[in-house]
Amino acid sequence: MILGGTRDSRLLVYITALIALVLSLLPVPQLLSILWPNLLVLVVLYWSTMAPLAGGMLLGFLAGLTLDVLGGGQLGQHAFALSLLTYLALKLHLLTRSKPLFEQSMFVFIALLLYEATLWAIDGFGGHGTGNWMRWLHVPVDALLWPVVVGVLGRLHSPR
Amino acid sequence: MAFAGGGLNSPSARENAPGGRFFFCALLSLLLMYFDQRDGWGQHLRYALQAVAYPIQVAVGSPGRLAGAAAEMFRTRASLRTENDALQKQVRDLTLRTQTFQALQQENAHLRGLAAMPPPLVSKSLLVDVVDADLGPYRQRLVINHGDRAGLYRSQAVVDAGGLAGQLVRVGPWSAEVMLITDPEAAVPVQVLRSGERTIAVGTGKTRELELPDLPVTTDVKVGDLIVTSGLGGVFPAGIPVGEVIDNKRDPDTLTAHVRIRLSAQLDRSRQLLALWFNAANPAAPMSHAMLDTLPAPSIADPVTQPPAPAKPAAAAAATKPAPPARKILPGVGPHGGVLAPAPKEPPQ
């Protein structure tokens, strides 16, 4: 399948994003929830890198807004952070998508550090609790999970 | 590249430069953050978004509830029977206790010189189902299946079968979010039942524990003490059980006590909660939410310094004499059995 800006590909993008959202919000035991990956952010990063026309800025913003409404914290917090991430991914997609998976994971690691740092800063400005070191723990997990995300989502749309 | 299709070629991608859109999205998010901090129409937006989010929350919470329902279905007759027996025994015990409780309440009213017994504290309650749980270390929240349409309001107190659960922080049309007392941002004004010592319990992000920070080493707290709400702060009424002291360490260097409480409520297990409405005529009731909304911050004023009736004797006299009928009863003096706090230690100015 060729992913352009067509309606079919948009549908695929939003369906995968919705599945990722449900998975990332699943109620899990407390110990596990510290390490629970932020799958929605990974999926948004994937589509922004591999098919920048299908999702685009709108996907990032909407995904962030959904996280805001469901997750709590300040309204617009995740929307801002994820918009920023989507923008960077779209800008750099030609650079990153041709790199080997390991290197892509490094990019993902840096991107998620930036994401979490943005949230952390907004929490601080807004007078909410900024949590402790444990809030950063999902970042390496996300980076390690990137090859899996690429494997699964790549199968969905590449003519392999 | 496997991905290199016609629509993905770089020229077309370059046409859709994301810069302008990013600027727009970022601006919109910043505006959202700004208005969310203020209590204006940011609240209305929240209200609408809460309604949109409700189906997703139900979907996300459903695997856990399905598992629970399945377990329920396959329970044996024997286990149901033992549970039934236990419940019947509990009902008998509680009936007995209620009878003595009513006699005590009557006697209490008589001792205080009140002409009549105060009306029951809880005027109405609503059983609500938990549809989604967020019990992480940074947030301890539950989503329940009723909202504005059922009359629930912001800052309403919610309990479970064991004790205090939390308060409503966001209310949508058909759902509401409960901030549990274990949430790291939550704080409950509490009282040690045995000694009457008042302090504040804060959430730690652990679902079964609270902490009492900022206590001096001289505090009269022991392991096993029951902790109840003190009724200060205007959200929770007095005398609702919060938990039991399980750990009590004194630090001689900083002259502080580290006290941990195990919750009475089983927040990680309860699938149903009770939202409560209080009788404003009962002295233990918190302020009405209409009053709370007009206040800039929850007021922790001593009611003795704010005479409810004009014909009130001097405050110092009120602290020593038996209470005259018109006097507002001190916070913490609840109608719950045995929750009788001593009068404030220092007479107010």
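Q: Let us start with helix packing: at what angle do helix α3 and helix α4 of chain A pack, and how far apart are their axes?

A: Happy to begin there, and keep in mind that this is a predicted model. Two packed helices are described by the angle between their axes and the distance between the axes. Here, helix α3 (residues 39-50) of chain A meets helix α4 (residues 56-71) of chain A at about 175°, and their axes are 10 Å apart. Angles over 145 degrees count as roughly antiparallel, so α3(A) is roughly antiparallel to α4(A).

Q: Which residues make that contact?

A: From α3(A) come L40(A), V44(A), W47(A) and S48(A), while α4(A) contributes L59(A), G60(A), A63(A) and L67(A). Sorted by class, the contact of α3(A) with α4(A) has 6 nonpolar and 2 polar residues, with no charged ones.

Q: How far does helix α7 of chain A reach from its first C-alpha to its last?

A: Helix α7 (residues 101-126) of chain A reaches 37 Å with its 26 residues, close to the 38 Å expected at 1.5 Å a residue.

Q: Let us move to chain B. How many helices and strands are there?

A: Chain B has 6 helices and 12 strands. Of its 349 residues, 33% are buried.

Q: In what order do the strands of the closed barrel run?

A: Follow the pairing from strand to strand: the 6 strands of this closed barrel in chain B run β1-β2-β5-β4-β3-β12, and the pairing is antiparallel. From one strand to the next, the twist averages 45°. Take one pair as an example: 2 bridges join strand β3 (residues 157-159) of chain B to the antiparallel strand β12 (residues 272-278) of chain B. V158(B) has A275(B) in β12(B) as its bridge partner.

Q: Which strands does helix α3 of chain B lie across?

A: Helix α3 (residues 41-73) of chain B lies across β1 (122-135), β2 (140-144) and β4 (164-171) of chain B, and runs at about 65° to β1(B).

Definitions and conventions: Residues are numbered from 1 along each chain as its sequence is written. Chains are lettered from A and ligands numbered from 1 in the order in which they are written. This is a predicted model: local features need pLDDT of at least 70, side-chain atom pairs count only at pLDDT 80 or more; totals for chains, interfaces and linings use all residues. Two strands pair if DSSP finds at least two bridges between them. Helices (H or I, at least four residues) and strands (E, at least two) are DSSP runs, numbered from the N terminus. Axes are lines fitted to C-alpha atoms, for helices over the stretch in contact, and angles run from 0 to 180 degrees between N-to-C directions. Two residues are in contact if their C-beta atoms, placed from the backbone, lie within 7 Å. A residue is buried if 20 or more other C-beta atoms lie within 10 Å of its own, exposed if 12 or fewer, and partly exposed in between; C-beta atoms are placed from the backbone. Angles under 35 degrees count as roughly parallel, over 145 as roughly antiparallel, 65 to 115 as roughly perpendicular and the rest as oblique. Ala, Val, Leu, Ile, Met, Phe, Trp, Tyr, Cys and Pro count as nonpolar, Asp, Glu, Lys and Arg as charged, and the others, Gly among them, as polar. The expected span of a helix is 1.5 Å times one less than its number of residues.
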